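Hi,

Here is the structure I promised to pass on. Have a look at it first, and my notes follow below.

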Amino acid sequence: LVLIKFGKERAMSLIEDAKNKIQELTGKRMGKKTFVHGYSASGVFAQRFAFIHPELVSRCCIGGAAGDIPVPIESIGYPIGISDYENLFGKKFDANAHRNIKFAYYVAENEAKEDGTYDINGNLVKFDRFGNKIDKNQISAPMHDMSYRLRTVPREVGRKQREVFGQDLDERWKNSIEFLRKNGYDISGVICKGTNHANIFNSNYNPYFSQLVQRLISFYNL
């Protein structure tokens, strides 16, 4: 909810400062809308910024945040759906502005295989001083599946999201992207084979590294 605290005026101020600095350094004048890109936690920020302020964004590129893609449906609350959107932000969701954003997602193939610090009930996994689980019955959720992380997605919102779009992270991100496509969104999703979350930008561990960089550059230069 950090973006609520900042508000639109603060967001606009930050964007204008960045545009002015870019113009100062490059001599290029920026357009009214902006390109937003983020990876992992900053990817979560990027997609939520576009969700709250779609009128400010032309393109949004998100990496490593596949488990909690916002989808503007009334049956799920923020930060996934829009059932409580107006109460939180004091305005109606601008469906047309959000649909006009061009989205691109990319994710590592092995993200769902990495155990996280939250379990499938949204509770922190407790470890002893040797790194072993204290409760052997706790089932770890994938490390980068934000739908289980209560600091990121409220428990009921995450549960409802998994119920609608799929329990498995990989299944859910594909279903979310397909849902958005069917509703008129220009959105693409790329899976980087043979790598994990931490090494997606490491050419020694990501065989897809060169292709990923070229796709990101192409998307930026559209």
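Accessible areas here come from the Shrake-Rupley method with a 1.4 Å probe; for residues, only the protein chains shown count as cover. On that basis the protein chain has an accessible surface of about 12000 Å², and 51% of it belongs to carbon and sulfur atoms.

Some housekeeping: this is a predicted model, where local features need pLDDT of at least 70, side-chain atom pairs count only at pLDDT 80 or more, and totals for chains, interfaces and linings use all residues. Residues are numbered from 1 along each chain as its sequence is written, and side-chain values use heavy atoms, with hydrogens and water left out.

Overall, the protein chain has seven helices and six strands (DSSP runs numbered from the N terminus: H or I of at least four residues for helices, E of at least two for strands). Buried residues (under 20% relative accessible area; exposed is over 50%, partly exposed in between) make up 44% of the 222 residues.

Now to helix α7, which covers residues 209–220. Leu212, Leu216 and Phe219 are buried in α7. Looking down the axis of α7, its buried residues fall within an arc of 65 degrees (using directions from the helix axis to the C-beta atoms), so they line one face of the helix. Their cover includes β1 (34–39), β2 (57–63), β3 (102–108) and β6 (186–192).

Alanine 198 sits in the loop between β6 and α7. Is alanine 198 buried or exposed? Alanine 198 is exposed, at 68% relative accessible area.

Cheers

Notes
Expected span 1.5 Å × (residues − 1). Buried < 20%, exposed > 50% of the residue type's maximum accessible area, 1.4 Å probe, protein only. Contact = heavy atoms within 4.5 Å.
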